[in-house]
Amino acid sequence: MFVSLLRKIRLKLALNNPRRANQKGDHQYAQGKKPGDGPPDLEQIWRDFNARLTAFFGQKNRPDSGGGGLRPDMKGAGITVGAIAVIALLIWLVSGAFIVQEGQTGVVLTFGKYSHTTLPGFNWRWPYPFQTDETVNVSQVRTVEVGYRTSVKNKEGRESLMLTDDENIIDIQFAVQYKLKDPRAWLFNNREPEEALRQVAESAIREIVGRSKMDFVLYEGREKVAYDVQRLMQQILDRYASGAQITNVTMQGVQPPEQVQAAFDDAVKAGQDRERQKNEGEAYANDVIPKARGAAFRLMQEAEAYRSLVTDNAVGNASRFRQVLTEYQKAPGVTRDRMYLETMQQIFASASKVMIDTKTGSNLLYLPLDKLIAQTAANDAAAAAAKAATAAAVAPPLSAVLPADALQALEAVRQHDSRSRDNSRERESR
């Protein structure tokens with residue numbers, strides 16, 4: 001397009017200046033070329049253009065010296081100025097083109113006022129001074145630091161120190177991450193939006209911490225405080241129509257002020273010691289109290305069993321006494337004999353030695369039942385060892401071993417035992 005335009009300008013200049021056209025033709029003939037053959041000579045066109053501008057502006061009021069100077073040609077000068085204006089207009093129109101990258105949004109302003117929003121890609125607007133454009137990155141995660149700058153060590157005491165609900169001072173540093181959800185609101189609704197967002201974050205954290213206890217903020221409540229700050233900040237920013245979307249609130253540092261850090265550490269250690277001793281006491285109590293309760297329950301059960309035993313025995317004895325009384329009222333003699341025999345049976349069952357007072361003599365008769373039982377057991381063992389001999393052998397009668405008085409006493413005991421068994425059978429049958 002520019003080559004054709006320059007060609008037209010050259011032709012116009014050649015037509016409007018016969019002398020220069022003749023010179024050009026002579027030059028072409030000198031090289032063996034005919035006029036109009038071959039591409040245009042751009043250097044010659046540029047020299048002609050400079051010569052005409054010089055003639056029009058510099059030699060306009062000079063007298064013509066011998067016909068050697070160039071006279072101003074108003075028509076050719078107008079064509080030249082028009083061509084320059086067209087080129088300048090094209091350049092001015094091209095300056096209105098702009099490209100928006102992926103993840104960004106273009107905002108077009110008309111005389112400084114919002115006009116429209118463009119999508120990523122190639123876009124065009126009216127050039128300056130009619131319209132301007134601003135590019136906003138809506139996919140970038142931005143960060144605002146509150147209480148520090150760049151590093152936690154670079155603290156901002158004016159922002160980080162705040163008062164808790166229990167009237168303690170706490171030092172907090174945190175970071176707020178956000179994205180832009182409305183570029184127009186971010187650019188035009190608030191002056192210095194990043195500073196406004198930092199002030200909103202500071203206000204929100206002070207409100208949340210002011211409603212919380214110091215121990216809650218320092219230990220178990222960090223995540224809760226961060227969540228509440230994020231929610232409150234989003235509410236305030238939406239009310240201000242800031243165009244920002246809070247994505248995360250991160251607690252970087254939560255601690256007491258440096259001036260009281262040592263005293264606070266001592267208090268924390270004392271609290272930990274108290275909790276440790278309390279836990280030890282509870283562990284000891286959990287070990288001793290169940291044992292004491294078990295021992296007390298065992299003693300109560302033993303006492304209850306003893307009480308039941310004594311009571312039942314007393315009730316049984318009383319019932320037996322009433323039954324014996326009833327039988328005694330019916331047959332006193334028989335009842336006395338039975339009671340005597342039962343008593344003697346109990347005594348002889350646990351006695352191994354018996355002393356018998358005989359009526360025929362004045363001496364007491366000693367009956368060694370233990371030795372008799374031992375001798376009988378030895379004889380039984382010998383009989384078992386002898387097997388066949390023991391089976392054939394007959395035990396010697398007691399008459400061969402004991403005297404006549406001992407045999408009488410033993411017979412009396414046997415008769416007493418048989419009568420006791422008979423009486424027992426009679427009671428059972430009744």
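Author: In this predicted model, a cavity is a set of grid points where a 1.4 Å probe fits but cannot get out, and its lining residues have an atom within 4 Å of a point.

Reader: Which elements give two or more residues to the lining of the largest cavity, and from which one does the largest share come?

Author: The search of the whole structure finds one cavity of 30 Å³ or more, and the lining consists of W186, N190, P193, A196, L197, V200, L237, Y240 and S242. Two elements, α7 (193–210) and α9 (222–240), each give two or more residues to that lining. The largest share, four residues, comes from α7.

Reader: What volume does the largest cavity have, and how many residues of its lining are charged?

Author: The volume of the largest cavity is about 50 Å³. By class, seven of the lining residues are nonpolar and two are polar, while the number of charged residues is none.

Reader: Where is P129 found, and is the peptide bond from Y128 to P129 cis or trans?

Author: P129 is found in the loop between β4 (121–124) and β5 (131–137). The peptide bond that reaches P129 from Y128 has an omega near 15°, and this bond is cis.

Technical notes:
Residues numbered from 1 in each chain as written. Predicted model: local features only at pLDDT ≥ 70, side-chain atom pairs only at ≥ 80, totals over all residues. Heavy atoms only, no water. 1 Å grid on protein atoms, 1.4 Å probe; cavity = no way out; pocket = protein on both sides within 12 Å on 5 of 7 lines; lining within 4 Å. Points joined across faces, edges and corners; volume = space filled by probe spheres on them. Nonpolar A, V, L, I, M, F, W, Y, C, P; charged D, E, K, R; others polar.
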